[in-house]
Amino acid sequence: RTVPNDLSAFWMPFTANRQFKKAPRMFVAAKDMYYTTADGRQVLDGTAGLWCVNAGHCRPKIVEAIQNQAAELDYAPAFQMGHPKAFELANRIVDIAPEGLNHVLFTNSGSESVETALKVALAYQRVKGEGARTRLIGRERAYHGVNFGGISVGGIVTNRKMFGTLLTGVDHMPHTHNLSKNAFSKGLPQHGVELADELERIITLHDASTIAAVIVEPVAGSTGVLIPPPGYLQRLREITKKHGILLIFDEVITGYGRLGTPFGADYFGVTPDIMVTAKGLTNGVIPMGAVLVSSEIHDAFMTGPEHVIEFFHGYTYSGNPIASAAGLATLETYKDEGLLTRGAELAPYFEQALHSLKGERHVIDIRNIGLVGAIELESIPGAPTKRAFAAFVKAFEQGVLIRTTGDIIALSPPLIVEKQHIDTIVETLRGILKTLE
Ligand code: PMP
């Protein structure tokens with residue numbers, strides 16, 4: 001296969017990309033659990049692409065659905081008209097969603113789903129006559145995509161430092177993650193429920209009547225797999241309910257089976273008012289996101305006078321036919337193969353395999369939930385990403401794709417993963433950890 005020599009035109013403003021352009025790691029094909037590189041090697045996908053290819057790569061049913069849809073009805077707007085598959089997909093998502101989340105707004109990515117959720121929350125408060133509720137509360141170390149709302153409520157200071165004030169009135173709760181208290185804990189951490197009460201403190205600080213919504217990832221994924229203790233999300237739910245504040249779960253990573261349940265909300269037994277999803281919805285194949293809202297929220301926008309626009313929102317590609325077809329085929333695949341709960345069956349094996357790395361050089365913590373895991377390495381002073389990045393490069397050379405964030409190695413294999421793949425990932429990492437500087 002031909003690979004272009006000139007890589008200069010394509011730009012991802014991300015420093016690791018500079019390094020990548022010097023030594024490109026290029027994929028040219030994929031099948032099930034494996035990528036094929038430009039030089040013809042097989043690389044075991046330990047990350048489901050970017051946490052999205054939950055059913056594995058190039059699944060024939062999904063490929064066929066996309067091909068058929070492209071040939072039959074390529075595009076139809078969702079403004080004042082529609083097409084059957086968007087309606088059908090919305091119904092199928094509601095079927096697997098936590099009870100009470102009955103309406104779906106389509107977007108084209110996780111970032112757009114976040115913006116949509118924040119706008120729905122603010123608009124809902126206003127429609128309800130609570131227009132003073134303009135504040136949004138996020139959490140430290142949270143990732144909610146790269147758009148303006150998402151970086152405002154997100155907890156990564158470096159992602160927002162270039163962009164001035166962003167959304168005003170945003171505040172952040174502390175994260176529950178505390179390595180010194182949880183080192184080598186298996187599965188769920190046991191401390192940090194009390195940090196939910198920090199929300200009460202923030203609410204008191206600003207006055208509850210000024211706060212529209214609180215947004216959290218049930219498990220923060222791309223900032224290093226930060227798992228809340230049992231009871232923490234319940235507590236957030238109680239506090240938000242008490243003060244008339246909406247609770248938004250960003251389930252872009254935790255949705256569609258990643259934790260061994262359809263959604264993170266199911267895993268933790270907590271239902272938010274708004275749920276943000278993307279990635280696994282279409283198996284990562286076609287850009288698409290879906291925001292689920294409660295009937296209460298939906299109905300508030302449906303009772304006003306007709307022909308008066310109260311809340312304008314939606315994208316050219318919202319619920320477009322090809323993405324909808326991909327979404328339907330993906331959800332069918334999840335159902336046919338039991339993938340939304342497969343993570344629960346494999347989680348004990350995954351946990352045991354991962355924790356067998358305890359005691360290897362540089363490893364300071366191992367944590368896991370469903371089919372997500374993290375191995376945290378001790379950083380080299382002054383170079384907080386170097387060690388894990390070196391592991392990533394070595395793993396890639398040895399035929400295993402991992403993901404790193406800071407000096408944390410994150411794993412999230414496709415949900416079709418077999419025990420032997422887990423063994424390969426873990427044994428490759430064991431070998432690498434033994435030789436890592
Ligand atoms: N929210 C969360 C929790 C995510 O993990 C991500 C992507 N990793 C996003 C939002 C943004 O999604 P996208 O990259 O599709 O815009």
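Me: Okay, so a helix here is a DSSP run of H or I with at least four residues, and helices are numbered from the N terminus. With that settled, which helix gives the most to the shell around the ligand?

Reply: Keep in mind that this is a predicted model. The top contributor to the ligand shell is helix 5, residues 110–127, with 3 residues. In total, 14 residues surround the ligand, and the closest are Ser 109, Gly 110, Ser 111, Gly 145 and Val 252.

Me: How many of the shell residues are nonpolar, polar and charged?

Reply: The shell around the ligand splits into 5 nonpolar, 7 polar and 2 charged residues.

Me: Now domains. Which stretches of the chain go to which domain?

Reply: The domain assignment puts 15–55 + 339–435 in domain 1 and 64–336 in domain 2. Their C-alpha centres are 26 Å apart. Where the two touch, domain 1 brings 34 residues and domain 2 brings 32 residues.

Me: Which element supplies the largest share of domain 1's side of that contact?

Reply: Helix 14 does, with 9 residues. On that side of domain 1, the residues facing domain 2 come out as 17 nonpolar, 11 polar and 6 charged.

Me: How do I read a sheet, then?

Reply: Start with the pairing: strands of a sheet pair through backbone hydrogen bonds, either parallel or antiparallel. Here, an open sheet of 4 strands runs in the order 11-12-15-14, with antiparallel pairing. Strand 11 (363–369) and strand 14 (403–405) are the edge strands, each pairing on one side only. On average, and ignoring direction, neighbouring strands of this sheet are turned by 20 degrees against each other.

Me: What packs on that sheet?

Reply: Two helices to look at. Helix 14 (residues 339–355) touches strand 11 and strand 12, and its direction makes about 175 degrees with that of strand 11. Helix 15 (residues 386–397) touches strand 12, strand 14 and strand 15, with about 170 degrees between its direction and that of strand 14.

Me: And how many bridges join strand 11 to strand 12?

Reply: There are 6, and the two strands run antiparallel. If you want a residue pair to click on, Ile 369 stands opposite Val 372 in strand 12.

Me: Is Val 225 buried or exposed?

Reply: The idea is to count C-beta neighbours: 20 or more within 10 Å makes a residue buried. Val 225 has 26 inside 10 Å, so it counts as buried. Its place is in the loop between strand 7 and helix 10. Beyond its neighbours within four places in sequence, Val 225 contacts Val 219, Arg 367, Val 372, Gly 373, Ala 374 and Ala 410.

Me: Which residues of helix 10 are buried?

Reply: In helix 10 (residues 232–242), the buried ones are Tyr 232, Leu 233, Leu 236, Arg 237, Ile 239 and Thr 240. Their cover includes helix 9, strand 7, strand 8 and helix 11. After helix 10 comes Gly 244, which has a positive phi near 70 degrees.

Me: Last one: why is strand 4 described as largely enclosed by the rest of the structure?

Reply: Because 5 of its 7 residues, in the stretch 101–107, are buried. Strand 4 also pairs with strand 10 (residues 289–294) in the antiparallel sense over 6 bridges. In that pairing, His 103 stands opposite Val 293 in strand 10.

Note on methods. Residues are numbered from 1 along each chain as its sequence is written. This is a predicted model: local features need pLDDT of at least 70, side-chain atom pairs count only at pLDDT 80 or more; totals for chains, interfaces and linings use all residues. Two strands pair if DSSP finds at least two bridges between them. Axes are lines fitted to C-alpha atoms, for helices over the stretch in contact, and angles run from 0 to 180 degrees between N-to-C directions. Two residues are in contact if their C-beta atoms, placed from the backbone, lie within 7 Å. A residue is near a molecule or strand if its C-beta atom, placed from the backbone, lies within 6 Å of it. Ala, Val, Leu, Ile, Met, Phe, Trp, Tyr, Cys and Pro count as nonpolar, Asp, Glu, Lys and Arg as charged, and the others, Gly among them, as polar. Domain bounds come from an automatic or database domain assignment. A residue is buried if 20 or more other C-beta atoms lie within 10 Å of its own, exposed if 12 or fewer, and partly exposed in between; C-beta atoms are placed from the backbone.
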